[in-house]
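Q: Could we go through this structure together, beginning with the strands and then turning to the helices?

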Amino acid sequence: MQAVPRITVEVPVLGVGSGPADYEELGQYVGALRRPNGLHLTLLHIGVLADFARDVTEWTKGMTPASSATRETARWLQALRVLDGFSGTSERLIVLGGGGISGLEVDVPEQVHDYQVSLVQELRGLLDRLLVDNVDDFILSSPALGFRYPHWVPHVAVGRPRSRSREPIGIPPVTVTFGASRIRNGQFLPEAG
C-alpha cells in the first residue's frame with residue numbers, strides 16, 4: 001500500500017560542499033546517510049492534504065467542508081511566490097524530532113527567514129478565510145501541520161545519528177547550495193478550479 005504523500009513547501013539541495021566526497025564525509029558522524037538527490041530544506045509543512053482539510057472541518061465544526069478546505073488550500077499553495085535559489089553554510093549536525101534523525105543545521109540568508117515567516121503569515125490568512133478561529137491554536141494543535149516548535153530552525157535531514165547523544169556535533173564548515181522553492185508532491189494537488 002502506497003503512503004499518501006505529504007505536501008510541503010521546500011527548497012531542494014543542489015550540492016553540499018565542493019562535490020560528492022564532501023557529503024560522504026558526513027558518514028563519519030551519521031549512519032544510513034541519505035541519498036544526496038533527495039535532500040531538501042522544508043520551509044512549511046502542510047502534511048497530507050486530506051488530513052489538513054479534515055482538521056479544518058473539525059475545528060470549524062463543519063462550517064468549512066473538507067472539499068472547500070482542500071480546494072482553497074490547493075489554490076493557495078499553487079499561487080505562492082517562488083523563493084529564488086541561495087546558498088547557506090553549516091558547521092554542525094543536530095538531532096531532530098524524537099532523536100532518530102540527524103540534520104545539518106544551516107545558516108541561511110535573511111531573505112530565507114523572511115520568506116518562511118511570510119509563509120506562516122499567509123497560512124494564517126488562508127486559515128482565516130477557511131473560518132478557523134484561534135488560528136495560532138489551530139496551527140499548534142493540527143496533527144496534519146505537525147508544528148511542534150514555534151521557532152523555525154533551518155535544517156537538512158541527512159540520516160540517522162551514530163550516537164544516542166542529543167548534543168550538536170561540530171563539523172568542518174560546508175556550503176550548502178539550494179534551488180528555487182517548490183511544492184513537494186505538488187503533482188498530487190487537485191486542480192485549482
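Predicted model: local features only at pLDDT ≥ 70, side-chain atom pairs only at ≥ 80, totals over all residues.

Q: Fine. In which sense do strand 4 and strand 7 pair, and over how many bridges?

A: Strand 4, residues 86–96, pairs with strand 7, residues 169–178, in the antiparallel sense. Seven bridges connect the two strands.

Q: Which residue of strand 7 stands opposite Phe86?

A: That residue is Phe178. Another such position is Gly88, which stands opposite Val176 in strand 7.

Q: And what about strand 5: how many bridges join it to strand 4?

A: Strand 5 covers residues 101–107 and is joined to strand 4 by seven bridges, the two running antiparallel. Within this pairing, Val95 has Ser102 of strand 5 as its bridge partner.

Q: What lies between strand 4 and strand 5?

A: Four residues separate them, and the two strands form a hairpin. In the turn, Gly97 has a positive phi of about 55°.

Q: Back to strand 7 for a moment. How many bridges does it share with strand 1?

A: Three bridges link strand 7 to strand 1, residues 7–16, and the pairing is antiparallel.

Q: Is Ile171 buried or exposed?

A: Ile171, which belongs to strand 7, counts as buried because its relative accessibility is 9%, and the cut-off for buried is under 20%.

Q: What surrounds Ile171, apart from its neighbours within four places in sequence?

A: Its contacts are Leu26, Tyr29, Ser90, Glu91, Arg92, Leu93 and Leu104. Ser90 lies 81 residues from Ile171 in sequence, while their C-alpha atoms are 7.9 Å apart in space.

Q: Let us compare notes on another isoleucine. Where is Ile183 placed?

A: Ile183 is in strand 8, residues 182–184. With a relative accessible area of 24%, Ile183 is partly exposed.

Q: Which residues does Ile183 touch, not counting residues up to four places away in sequence?

A: Ile183 touches Ile7, Thr8, Val9, Leu77, Leu80 and Leu189. As for Tyr23, it is 160 residues from Ile183 in sequence and 25 Å away, C-alpha to C-alpha.

Q: Changing topic: how many residues are in the largest nonpolar core?

A: That core has 50 residues, and those with the most contacts inside it are Leu43, Phe52 and Leu123. Helix 4, residues 110–129, gives the most to this core, with seven residues. As general background, nonpolar side chains tend to be buried together in soluble globular proteins.

Q: Which residues is Phe52 in contact with, leaving aside neighbours within four places in sequence?

A: Phe52 is in contact with Ile46, Thr73, Leu123, Leu127, Phe138, Ala144 and Leu145.

Q: Now the helices. At what angle do the axes of helix 2 and helix 3 cross?

A: The axes of helix 2, residues 49–59, and helix 3, residues 66–79, cross at roughly 125° and come within 8 Å. Helix 2 is therefore oblique to helix 3. The crossing is right-handed.

Q: Which residues make that contact?

A: Helix 2 contributes Leu49, Phe52, Ala53, Val56 and Thr57, and helix 3 contributes Ala66, Ala69, Thr70 and Thr73.

Q: And how far apart are the axes of helix 3 and helix 4?

A: Those axes are 11 Å apart, and the helices pack at an angle of about 150°. That angle makes helix 3 roughly antiparallel to helix 4. Here too, helix 3 passes helix 4 in a right-handed crossing. The contact involves Glu72, Thr73 and Trp76 on helix 3, together with Leu119, Glu122, Leu123, Leu126 and Arg129 on helix 4.

Q: One last topic, the backbone. What is the phi of Leu131, and where is Leu131?

A: Phi of Leu131 is near 70°, a positive value in a residue other than glycine. Most residues other than glycine have a negative phi. Leu131 is in the loop between helix 4 and helix 5, and it is partly exposed, with a relative accessible area of 45%.

Q: What about Asn185?

A: Asn185 is not a glycine, yet it has a positive phi of about 65°. Asn185 is in the segment after strand 8.

Terms used
Residues numbered from 1 in each chain as written. Heavy atoms only, no water. Pairing = 2+ DSSP bridges. Buried < 20%, exposed > 50% of the residue type's maximum accessible area, 1.4 Å probe, protein only. Contact = heavy atoms within 4.5 Å. Core = buried A, V, L, I, M, F, W, Y, C linked by side-chain atoms within 4.5 Å. Axes fitted to C-alpha atoms, helices over the stretch in contact; angles between N-to-C directions. Parallel < 35°, antiparallel > 145°, perpendicular 65-115°, else oblique. Left-handed = near helix turned anticlockwise from the far one by under 90°.
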